[in-house]
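Here are my notes for a first look through this model. Have the structure open beside you and take the points in order.

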Amino acid sequence: MENRQRLADRIDWGLLFILMLFFIVSAISISSAQTSGQYAQNFVIRQGVWYIVGGVIIACTMYFDPEQYKRMAWYTYGFGILLLLGLIVSPESLVPERNGAHSWYKITESVLIQPSEFVKTFLILALARVITNHHEQTPVKTFQTDFKLLVKIGLTTMGPLIFIIADDFGTALVFISIVTGIILVSGITWKLIVPIYGSIAVIGGTVFSLVLFAPNFLEKYLGLHPYQFGRIYSWLDPYNYTREEGFHLIKSLNAVGSGQIYGKGFNGSEVYIPEAHTDFIFSGIAERFGFVGASVVISLFFILIYHLTKTALDTKEPYNAYVCAGVISMITFHVFQNIGMTIQLLPITGIPLPLISYGGSSLMGNMLALGLIFSMKFHHRSYMFSSDNS
């Protein structure tokens, strides 16, 4: 009985309860989305199956302690690179084209796996090891050692990034957000961070301005084509692109706005929203359950991020803290980008709402990342909450 109690104390019940709430919200949201006429199959059951698979992934991930993940980091990183490389060299029968990109492995006719969802976690593990090893090897911090660490982080990130940036820009942005979050807590001096990110912001702002006011310059000197700017134009003025890129955004805005305070009810959908169970699930939530329902969903994400942040602050191991920072950055960007694109705050990208949107790869990838957090708590005797005098 004592051993069972000891085992139970090592499980992060708070995080488990949060995941149960996410499953309930996901099931209700997907079920409500299926009340429209565009669905001929039950995605709620499939989502339940993916949640069960995700639970198995968490249980398997908990088996290994953080120190073992630190030792395996380069192996998982290399495995992730091979998976991404396979997308390029594999035949069409194994890697079919979907939405103009080869980003999925075909397991069965109805099951496709997107490896980049798992590579996000592999990258987090590798970056955490790079930073930890660097600090152990160079206990005295200087401008030169910080610059060297930044170069290491950049080279590690470029490995998977070069394989996905052309076909999946949205996922590439997630990788960049992960790196940014980890850099901010890595101890690198702000004298390096501010100029570098400031320069990136200036370059990005300049390119954005040229797209708006001087597209001919980009066409002439960079070889870009007008259709490549369509996503930006349709984001800023979707009503001039009602039959093209702006269609999804207009439908989303109509759905969110029509939900008002309390929504139209579970079966009250009046606005046709393409992909209402995946990328635009938040639009359906806002329409059916209104501002109140949307606020509940956003609050649930705040609770999740708070819990992960508390875990990062409580841990005594730097490696664990860097892993937490990467997971927090990944989930936060997903939430901000997905919700932002449904309300015209950000351009539309194919990024799902974590733990709520239907999708096996996304859900399993997030469960793998959260499994690392469960592992930290499960092995807390050796790695967390230890006495400062021990």
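1. Some ground rules before the tour. Helices (H or I, at least four residues) and strands (E, at least two) are DSSP runs, numbered from the N terminus. The model is predicted, so local features need pLDDT of at least 70 and side-chain atom pairs count only at pLDDT 80 or more, while totals for chains, interfaces and linings use all residues. Residues are numbered from 1 along each chain as its sequence is written, and side-chain values use heavy atoms, with hydrogens and water left out.

2. Start with Gln260, which sits in the loop between H11 and H12. Gln260 is not a glycine, yet its phi is positive, at about 50°. Is Gln260 buried or exposed? Exposed, at 60% relative accessibility. For these words, buried means under 20% relative accessible area, exposed over 50%, and partly exposed in between (1.4 Å probe, protein chains only).

3. Leu355 is another residue other than glycine with a positive phi, in this case near 70°. Look for Leu355 in the loop between helix H13 (318-342) and helix H14 (360-378). With a relative accessible area of 3%, Leu355 is buried.

4. Ser357 also has its place in the loop between H13 and H14, and counts as buried at 4% relative accessibility. Which residues does Ser357 touch, leaving aside its neighbours within four places in sequence? They are Gln47, His277, Thr278, Asp279, Ile281 and Pro352, where contact means heavy atoms within 4.5 Å. For a sense of scale, the C-alpha atoms of Ser357 and Leu127 are separated by 28 Å, and the two residues are 230 apart along the chain.

5. On to charged pairs. How many salt bridges does a search of the whole structure find? The search finds 6, a salt bridge being a side-chain nitrogen of Lys or Arg within 4 Å of a carboxyl oxygen of Asp or Glu. One of them joins Glu136 and Lys70, at 3.3 Å from N to O. Glu136 lies in helix H5 (residues 116-137) and Lys70 in helix H4 (residues 66-89), so this pair ties together parts that are 66 residues apart in sequence. Glu136 is exposed, at 53% relative accessibility, whereas Lys70 is buried, at 11%.

6. Lys264 deserves a look of its own. Its side chain meets Glu287 in a salt bridge of 3.0 Å, N to O. That pair links distant parts of the chain, 23 residues apart: Lys264 is in the loop between helix H11 (246-259) and helix H12 (281-314), and Glu287 is in helix H12. Lys264 also forms a salt bridge with Glu270, at 3.5 Å from N to O. Together, Lys264, Glu270 and Glu287 are linked in a network of salt bridges. Check the accessibility of each member: Glu270 is exposed at 67%, Lys264 is partly exposed at 26%, and Glu287 is buried at 0%.

7. Now for helix packing. Two packed helices are described by the angle between their axes and the distance between the axes. Axes here are lines fitted to C-alpha atoms, for helices over the stretch in contact, and angles run from 0 to 180 degrees between N-to-C directions. Angles under 35 degrees count as roughly parallel, over 145 as roughly antiparallel, 65 to 115 as roughly perpendicular and the rest as oblique.

8. H4 packs against helix H6 (residues 143-164) at an angle of about 20°, with the axes 9 Å apart. That makes H4 roughly parallel to H6. In the contact, Trp74, Tyr77, Ile81, Leu84, Leu85 and Ile88 of H4 meet Leu155, Thr156, Gly159, Pro160, Phe163 and Ile164 of H6. By class, the contact of H4 with H6 has 10 nonpolar, 2 polar and no charged residues. In this sorting, Ala, Val, Leu, Ile, Met, Phe, Trp, Tyr, Cys and Pro count as nonpolar, Asp, Glu, Lys and Arg as charged, and the others, Gly among them, as polar.

9. Last stop: helix H2 (residues 13-33) and helix H3 (residues 43-63), whose axes come within 9 Å and cross at roughly 160°. H2 and H3 are therefore roughly antiparallel to each other. The residues of H2 in this contact include Leu19, Phe22 and Phe23, and those of H3 include Phe43, Val44 and Gln47. The contact of H2 with H3 divides into 9 nonpolar, 4 polar and no charged residues.
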